Amino acid sequence: MRRIPSVLVLSLLLALGCRSALNEAVQTATTLTGTQDQAEQVQEKKEEAQELANALLDIPVDRQIQIGREMAATVAGRYGLVRDEALTRYVNLVGATVATADPRPGVLYRFAVLDTDEVNAMATPGGYVFVTRGALEIMEDEAMLAGVLAHEIAHVHHEHITREIERRSRTQVGWKTTKDKLNLEDDDVLHQVATTGTNKLFVGLGREDELEADRSGTALVAAAGYDPTGLRRFLEALDGDPDRVHWLLGNDVHPERGERLSAIDEVLPEVEAGPGVLAAERFRGRRSPQS
Amino acid sequence: MRPLPLTRSGSRRPLGALVLSVVGVAVMAVPLLAMEDLSQILAERVAEIPAEPRAYRETWMLPAEGTVAASVDDTEIVARAAVAQLDGDELVEIQRFRSDGLDEAATILCDDGRWYLRTPMADSPILETALREDPLARMVLAGPPGEAPRTRTLTDDQGALRAVVLREVLDHPVTADDFARREGPMEADEGLLAELRGIDPLRGDRQPVASAAPKGVEEIETYDGKVRVVPDPQGVEWMESFALSVPEFERFRREMRLPPYDALPPVTVTAKEGS
């Protein structure tokens, strides 16, 4: 009789996060082995694996916030925050306006400006969103700022970083047997997980995640009432200075600018109910740090 | 998780939490009702409450006390009212704006034609409460419980602007639960009260989440290689200190006619930006 290495197959499938394939494997193993005992063993392994998969694939919101908060501390530590209350309040008002269009419950977004010439923006789980001083300098109106913040909010909404943490944690944290759980009550484990997320944040999310955030962000900013071309115009305004914008366009992980513009263009015809608000004058009056 | 307004499939239109009324967008002059007896206002209102389930929210903007407003931009946002209607019954929650936040909501219930003020303790006949003398409550209740334009302007007998009201039809499935008495005070994110506030991202009532203390210097992978970073948890605390108040947020959106204020007349000074 042909013997299926069921535990190995199940572990592999679980590592790939493939639940439907898991079910299929159980069915196949049952068919091929043809014995009730083996089927029960496979079923038992499946249930254990499923239990673990559920634990790993569903990091609770309060833990996401905790992880995101620690990641945010590292982001703030790397660049420093622009400690300008008027500017930070303004960015929070724009961000909150966009966030009202995000129907995801339970996220209280916080926004801050990073003190660097680098053109960048990033978000951590739980709603900590950053935009750099360098990015603000090349923007021309509030709709561009709203578009960039909407892109980051979309990352949070789609849980891109959280999903990446979950994928990597399976091989890095507490993954020795199916009995091990990702114990986020343990500060050391939480710290490891946050470090995993921070590394991914600074190395860059994947191409598909970026394109999804471009599409969703454009829809969000339009729903918030801003000119929906804000993000598109921001991408067009990037001057290609490799020291400032290399992370944004056409590197190992980010799509080329043309691909990103095409993704946005797919969405624009569906969301452009009108021109939307630019708020250029208000932006110019409030963009610069006061001190 | 609810989907974003538009997903990759591209099949959805932007919606947010609100479905804007399609009744009309024109500013409509409506003579302000004289301060008639509240019992008369309620008697007229109960006859007009639609039977079908529906909910809407109104933002009330009034001239500052003792002033005359030349335009909507001279008014202040003073209150929100959320209304749920079901089988001829009605729940009205009115929440006043302060300079830095919101007052407790006043909850008014119409049950089988009788009107009550609901408190955590009891439902009291409204005409036996201080609310019968409240000018704002009387204005809200004197408004049309049925169809109404997105924006209506209330004037006095001399034609002076007395109030501007924005109405948004809510995508809120009204059920008997909305009318049920709850034990204890209602949480800010429950039922109609959440719709009344209408600004989930500003909700400041979430319990703070303790964070594991960063472990000194971190070595972080970046696109450019490894870098050493000293985390700044105090920076995050500073970031978290920026709690926006509802009035500040509403003024910010109204200034540029961002939704729902896009239903108001264009901004006079910076008309280009509001368009």
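Modeller: Let us start with B:T59, which at 0% relative accessibility counts as buried; buried means under 20% relative accessible area and exposed over 50%, with partly exposed in between, for a 1.4 Å probe and protein chains only as cover. Before going on, please note that this is a predicted model, in which local features need pLDDT of at least 70 and side-chain atom pairs count only at pLDDT 80 or more, while totals for chains, interfaces and linings use all residues. Residues are numbered from 1 along each chain as its sequence is written, chains are lettered from A and ligands numbered from 1 in the order in which they are written, and side-chain values use heavy atoms, with hydrogens and water left out.

B:T59 belongs to strand β2 (residues 54-63) of chain B; helices (H or I, at least four residues) and strands (E, at least two) are DSSP runs, numbered from the N terminus. Leaving aside residues up to four places away in sequence, B:T59 touches B:I77, B:A79, B:R80, B:V164, B:V165, B:L166, B:E168 and B:Y261, where a contact means heavy atoms within 4.5 Å. With one of these neighbours, B:R80, the side chain of B:T59 also makes a polar contact of 2.8 Å. That term stands for a pair of N or O atoms within 3.5 Å; within protein, one must be able to donate a hydrogen and the other to accept it, and residues adjacent in sequence count only if both atoms are side-chain atoms.

β2(B) and β9(B) pair in the antiparallel sense over six bridges, two strands being paired if DSSP finds at least two bridges between them. Within this pairing, B:R57 stands opposite B:E168 in β9(B). In a regular strand the side chains alternate between the two faces of the sheet. β9(B) is also joined by five bridges to strand β8 (residues 151-155) of chain B, and these two strands run antiparallel, with B:T153 standing opposite B:V164 in β9(B). β8(B) and β9(B) form a hairpin with five residues between them, and B:G159 in the turn has a positive phi of about 85 degrees.

A charge placed over a ring is found in this part of chain B as well: B:R167 lies over the face of B:Y56, at 3.6 Å from the ring centre. The rule behind this asks that NZ of Lys or CZ of Arg be within 6 Å of the ring centre and within 35 degrees of the ring normal. B:F252 forms one aromatic cluster with A:Y90 and A:F283.

For aromatic pairs, the rings of Phe, Tyr and Trp (its six-membered ring) must have centres within 6.5 Å; planes under 30 degrees apart count as stacked, over 60 as edge-to-face and the rest as tilted. By this rule the count over all chains comes to five aromatic pairs. One of them is A:Y79 with A:F202, an edge-to-face pair at 6.3 Å centre to centre and 75 degrees between the planes. Because A:Y79 lies in helix α4 (residues 61-79) of chain A and A:F202 in helix α9 (residues 187-203) of chain A, the pair ties together parts that are 123 residues apart in sequence. A:Y79 is buried at 14% relative accessibility, and A:F202 is buried at 7%. The rings of B:W238 and B:F242 are also edge-to-face, because their centres are 4.8 Å apart and their planes stand at 80 degrees; B:W238 is buried at 14% and B:F242 at 6%.

B:W238 brings us to helix α4 (residues 233-240) of chain B, where B:G235, B:V236, B:W238, B:M239 and B:E240 are buried. What covers these buried residues includes α4, α5 (85-99), β1 (110-114) and β3 (128-132) of chain A. In that helix α4 of chain A lies A:R63, which is buried with a relative accessible area of 13% and whose side chain makes a polar contact of 2.5 Å with the side chain of A:Q66.
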